[in-house]
Amino acid sequence: MDRRRFIQQSIAGAGTLTAISEATIERVSAEKSPPTEKNRPNILFIMTDQQRYDCVRANGNPIIQTPHLDRLASESANFSHCYVQAPVCVPSRACFFTGRYAHSHRNRVNYTRLPEDEILMQQRLQEGGYQTCLVGKTHLYYDYPPTREQAKRTGFDEVELHDGAGSTDEWSDYVKWRNENDPKKDEVYYRELARPEEETGYSGKDNPFLCAIDEEYTDTSWTGLRTREHLKRLADEDEPFFLFSSYWKPHSPFEVPKPFDSLYSDVDFDLPKPESLEDIQKLPLPLQKLILRGKNPPFGMDRKRLEWIYRSYYGSITHIDREVGRTLETLKDLGLEENTIVIFCSDHGDQLLEHGLMGKNVFFEASERVPFMIRYPNTIKPGRYEEFLETIDVLPTLFDLIGLEEPYACQGQSVVPLIAGGGEGFAPRDCVFSENVIPEVFSTSFFFEKDKGVKGIRHPDAKMIRTRDWKYNYYPEGFAELYHLRDDPNEQHNLAGDPAYRKTEAELRDRILHWLVTSVETDQIAEKWLV
């Protein structure tokens, strides 16, 4: 006898059926028992690379076409203030997958080793009885080169790898697949069909960043295709699964295939205001070093070129949206929708020439704030959530939902009481923190030298605190930024050093110190005596 019928018959036998509403029966029937090892939900974790918060239509962008993400957002807890704890790929992903701040997990630089005593989410899920699978980009390794075997060492049972950078193509499963299937395999997959500066220019009607290969052979289409194939395989297994579907795009370069190359050709974008060299030289010196890196810093980029970059960036996101839609439809067709937690997010954002910078590595909102939505039917209450979310909160939230114990060293907090429990007992954050090495340690030119630092910045380890009203960025050599976000949401007027805001600056600096001391308690203090 099913639970609903049992409830109905029991109430009827007591002569009280008429006093109990049908809605009450529906509610009681739908209640889920606490997860056990046998009935734990599956997890589909979808991550993009370098996607801004405002590049989802459901998040308030009327231009971008993301119908499938919009639908997912309507069915999810959609957080409007999710902030990464390090605005660069590898350190940020390590925060997601350890539940720990970057100064604790100690991976601070792209393409460097993760300390082997840092246990990642997938290994803990694997030990908890989950089948674990990766499709696409991981960026997290205990050792190099970044091979499938190294990815498996972190806790994945099955791996189809594509880390995206050309220097890692030797170990890319996508590149191997494309070489076996694409008639245009001799074309470089991330090359534009025509070199813009030499042939088409930026004033024409055709996208100069049109990809040299066909859409079906791009890494975005491959990631979606292989994700769905693994879903079908995992659906036949008895154990719950954790599937990490990780896209390289919309990360640069900005090549985009047909038909997505022309979706936004007629859109006139509201581009960031041009920044002069004088403007940039008003910023803290570590930022100047980062923005002016290289022989041709992009701050003075041709405006037509920048507009085509925006069109291509948006086109790449719509391409991903299509793949996500197909994946969610496959999940439904397999009968897995009701018992699968779905997460969609990005590892950081993209400046897209705001403040004169392309890429990330800074604490401005365009780099720090990312989309985050989480769906679990009949458990998570859909809606827009304005509360602050740090990405270190993802691991404890997932573990709370599936009934796994939170790791002792975890520094995040579960938001399950908020999104699935009506908020009772939940203490919302009143601020978020982040940190990064600025200027970035970069493989070809920017090295960190002991006792010298990076490009003359002796101590490049910068910290950020963001409250509802304020953002304060601390640089150890006396530089700082202070923005009153309610009055200055675009972060144009640095108030650091202004005597009128000395008290605010001191309070926020003290909070950073307090955070650095208290966040590492579980690293510093053992649980108990060993004898």
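Visitor: How much space lies in the second largest pocket?
Guide: About 780 Å³. A pocket is an open set of points on a 1 Å grid over the protein atoms alone, with protein on both sides within 12 Å along at least five of seven lines. Grid points are joined across faces, edges and corners, and a volume is the space filled by probe spheres set on the points.

Visitor: Before we go on, what sort of model is this?
Guide: This is a predicted model: local features need pLDDT of at least 70, side-chain atom pairs count only at pLDDT 80 or more, and totals for chains, interfaces and linings use all residues. Residues are numbered from 1 along each chain as its sequence is written, and side-chain values use heavy atoms, with hydrogens and water left out.

Visitor: What classes make up its lining?
Guide: The second largest pocket has 13 nonpolar, five polar and twelve charged lining residues. Ala, Val, Leu, Ile, Met, Phe, Trp, Tyr, Cys and Pro count as nonpolar, Asp, Glu, Lys and Arg as charged, and the others, Gly among them, as polar.

Visitor: And the largest pocket, how much space lies there?
Guide: About 1,500 Å³. Its lining has 45 residues, with His 251, Ser 252, Arg 293, Met 358 and Phe 442 nearest the centre. By class, that lining splits into 21 nonpolar, 15 polar and nine charged. Both α11 (285-291) and α12 supply at least two residues to it.

Visitor: How many cavities of 30 Å³ or more are there?
Guide: Three. A cavity is a set of points where a 1.4 Å probe fits but cannot get out. Of its 13 lining residues, Thr 218, Asp 219, Lys 249, Glu 255 and Pro 257 are the closest to its centre. Helices α9 (219-235) and α12 (303-333) each give at least two residues to that lining.

Visitor: New topic. Is α4 covered or open?
Guide: Mostly covered: ten of the ten residues in α4 (residues 89-98) are buried. Buried means under 20% relative accessible area, exposed over 50%, partly exposed in between (1.4 Å probe, protein chains only). The cover includes β1 (42-49), α5, α6 (121-127), β5 (241-250), β6 (340-346) and α14 (394-402). Contact here means heavy atoms within 4.5 Å.

Visitor: What follows α4?
Guide: Gly 99, with a positive phi near 75°.

Visitor: Now α16. Which of its residues are buried?
Guide: Thr 504, Glu 505, Leu 508, Ile 512 and Trp 515. They sit on the same side of α16, because they cover an arc of only 100° around the axis. That arc is taken from the directions from the helix axis to the C-beta atoms.

Visitor: What do those pack against?
Guide: The buried residues of α16 pack against α5 (102-105), β9 (431-437), β10 (461-467), β11 (470-475) and β12 (479-484).

Visitor: Which exposed residues does the face turned away carry?
Guide: Arg 502, Lys 503, Leu 513, His 514 and Val 517.

Methods
1 Å grid on protein atoms, 1.4 Å probe; cavity = no way out; pocket = protein on both sides within 12 Å on 5 of 7 lines; lining within 4 Å. Helix = DSSP H or I, 4+ residues; strand = E, 2+ residues; numbered from the N terminus.
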